[in-house]
Amino acid sequence: MNFLERLRPAVVNGLRELRANKIRSLLSMSGIILGVASLVAMVTVVQGMVGNFRQFVDAMGGIEKITVDKQPLPKEQEHLAELSEGITMRDVDRLRRTVPLVRNISPEARVGFEKLAFDGRETSTYVNGVTADYLPVAKRWVDPGQGRFISDLDVLNLNDVIVLGSAVVPDLFPPNVDPVGQVVKVRGRRFTVIGILNNIEGSGMQIRSASSRGSGGSWRWRNSGVFIPVSTALTKFNGNDRLSGLGLRIADPDQLRDAVEQTERTLLAAHKGLRDFSITTNEQTLEDFRKTEVAFKLSLGGVAGISLFVGGIGIMNVMLASINERIREIGVRKAVGARGSDLFLQFLAEAAVVSVVGGLLGLLVSTGIVGVMNYILTQALPTGAVATLDWAIMAQGLAFSVVIGLVAGVYPALRAARLDPIEALRHE
Amino acid sequence: MTSLISIRGLRKTYRMGDENVHALAGVDLDFAAGEFVAILGPSGSGKSTLMHILGFMDTPSEGSIVFEGEEVARLGADRRAWYRSNRVGFVFQSFNLLPRLTVLENVALPLLYRERPDAEAAAAAARVALERVGMSHRLDHRPGQLSGGERQRVAIARAIVGSPAIIFADEPTGNLDVRNVDLVLDLLGSLIQEGITVVLVTHDLSVAERARRVITMRAGLVQEDRQR
């Protein structure tokens, strides 16, 4: 209570000093201004980046996705190549039975980059054989009114049905034709279009290429491709039972490690110990992103930290100079009854006022920096803003500057508090 | 008259290089409430040291000071600050007003260093004190806008705003012209009617003559103590 009563006049006094020495105050604040500005801009941009990473990982199936791919045997097993059966639908059954942590298994059989034809129009895209489980594993869906996805029955019956990626539609069909129910030709085989996958519109990690402009933007790679039943792909195109890979979706991301281990053991046992498959997760990708994030934070944080440190020294320097100029004032204040603690508080409050005002100016500058960075990034990348300032970060930046100001103010304030009043009054 | 301050065997020794300097070499004095006293002496006589010790700005090396019945010779810094803001006022040769504060703020300053500062009450008291010294028409001026005589009157207002028991005026007329010298000395002299003890510290005999009691100091000792 008493402390607050003493604080208010000290702050008022600090503002008065600030006003009386505008140029000097601004100079002493410059370090804090730049420090806070770079700190806030840095955290904002890094956070924006990390947000984009997350979105990217999510678009790749998220952290709860495990990918099993076929791979050539390692050197020491090469002589056993004839024993390798590759990844097959039998593996899918085994995993279903032995790895309860896995919720969905999506077998995938790549047919290849094929030409699709409809009524004289043509386009080329990837053709994949999948099952109904593709949707939950890839986190995709078919929007209402856009037909349906491949069903278990389609797989069982080797149906000649096809689901199109949204980016394929405008290349193959005139705008006034509803693709669902139409028949397209793939390698001369007639497939009935039963649905269109949802369109992914991302604002996240941008993968730029010359062809990425236009519909779907840079997410075109996710929206292209067509899907047929895996059984159809294997028997009618590939002519063998080897899958190109499996996508697994686990129920609980915390059990990713266990699920990977169980999957690996099951497959190794089923494959007679042959390592003709690889298992990857997005964990590694996410981990790489995290490392990048940490590296960014450390390097940029270092820069911000140094400028805040320099800012603190600037404040201390100016406070010491200011005290030297006001030794007589300190003497007078002591003579009329000020205690050491009163003067300590007065000068500490002055340092705090300088740092708060500096911090606020720094926030102002940081909005400018973030704005410019966003402008540059959106010029380079066609869609989506990259970073937005949020209040929590700005509050942190301000708090940082206040702490710096207080720390920097302690020594000068102590000097003022300890001045001998008689000596101080004699000072010219 | 009742005794306000009673000092016995007061000594103050400074160490200057290898030598001990005895600024006060055993002083015994009594000051009554409402007395108008001048302490006269050349520089180095110990009069300033005596004023600083009696004004709670410094502590003696030896001896006893009884102030309003309490032994105060060995008080800590915060306690001495309390006495400065509550019981003592200072008037300086160079006025020592704070240039950034207005006249009113300068005068109210001592009250803001008390335990329970009340800005409004302090401003009200400052107005009364400025009225008392005839400066109530300059409340919002800065010290730089005032003449020397006016500044010293403001300084006197600051000294009396906290109803002190004693005021020390250290060469209060040293920077003033003749007309203002009389005005300021009359003003100081009139304060004893309010029961305030006024101590003029000066090396100027003509100034000292205005007091009713003149204490002459030399080499850290009281040489003469005469009532007029």
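**Exercise 1. Work out which residue of chain A pairs with Arg100(B) in a salt bridge, and at what N to O distance.**

Step 1: Start from Arg100(B), whose salt-bridge partner is Glu17(A). The closest N and O atoms of this pair lie 2.8 Å apart. Keep in mind that we're working with a predicted model.

Step 2: Check that against the cut-off. A salt bridge needs a side-chain nitrogen of Lys or Arg within 4 Å of a carboxyl oxygen of Asp or Glu, so the pair of Arg100(B) and Glu17(A) at 2.8 Å passes.

**Exercise 2. Find which arginine of chain A meets Glu17(A) in a salt bridge, and where the two residues sit.**

Step 1: Glu17(A) also has a salt bridge to Arg326(A), with 3.5 Å from N to O.

Step 2: Now place the two ends. Glu17(A) belongs to helix 1 (residues 2–20) of chain A, and Arg326(A) is in the loop between helix 10 (282–325) and helix 11 (327–335). They're 309 residues apart, so to speak a link between distant parts of the chain.

**Exercise 3. Describe the interface of chain B and chain A: how much area is buried, and which residues of chain B lose the most?**

Step 1: Count the contacts. On chain B, 23 residues touch 23 residues of chain A.

Step 2: Get the area. About 2100 Å² is buried between the two chains, with carbon and sulfur atoms giving 55% of that. On the chain B side, Met57(B), Arg100(B) and Tyr113(B) lose the most area to chain A, together 32% of what that side buries.

Step 3: Seven residue pairs are in polar contact between the chains, both residues at pLDDT 80 or more. Helix 2 (77–86) and helix 3 (103–112) of chain B each give two or more residues to the side that touches chain A, and helix 2 of chain B gives the most, with four.

Step 4: Sort that side of chain B by class: ten nonpolar, four polar and nine charged residues.

**Exercise 4. Where does helix 2 of chain A bend, and by how much?**

Step 1: Take the helix, residues 22–59 of chain A, 38 residues in all. Its first and last C-alpha atoms are 53 Å apart, close to the expected 56 Å.

Step 2: Locate the bend: about 40 degrees, at Met29(A).

Step 3: Look past the end. Gly61(A) follows helix 2 of chain A, with a positive phi near 110 degrees.

Terms used: Residues are numbered from 1 along each chain as its sequence is written. Chains are lettered from A and ligands numbered from 1 in the order in which they are written. This is a predicted model: local features need pLDDT of at least 70, side-chain atom pairs count only at pLDDT 80 or more; totals for chains, interfaces and linings use all residues. Side-chain values use heavy atoms; hydrogens and water are left out. The expected span of a helix is 1.5 Å times one less than its number of residues. The bend at a residue is the angle between axes fitted to the seven residues ending there and the seven starting there. Contact means heavy atoms within 4.5 Å. Buried area is the accessible area (1.4 Å probe) that two parts lose on being put together, summed over both. A polar contact is a pair of N or O atoms within 3.5 Å; within protein, one must be able to donate a hydrogen and the other to accept it, and residues adjacent in sequence count only if both atoms are side-chain atoms. Ala, Val, Leu, Ile, Met, Phe, Trp, Tyr, Cys and Pro count as nonpolar, Asp, Glu, Lys and Arg as charged, and the others, Gly among them, as polar.
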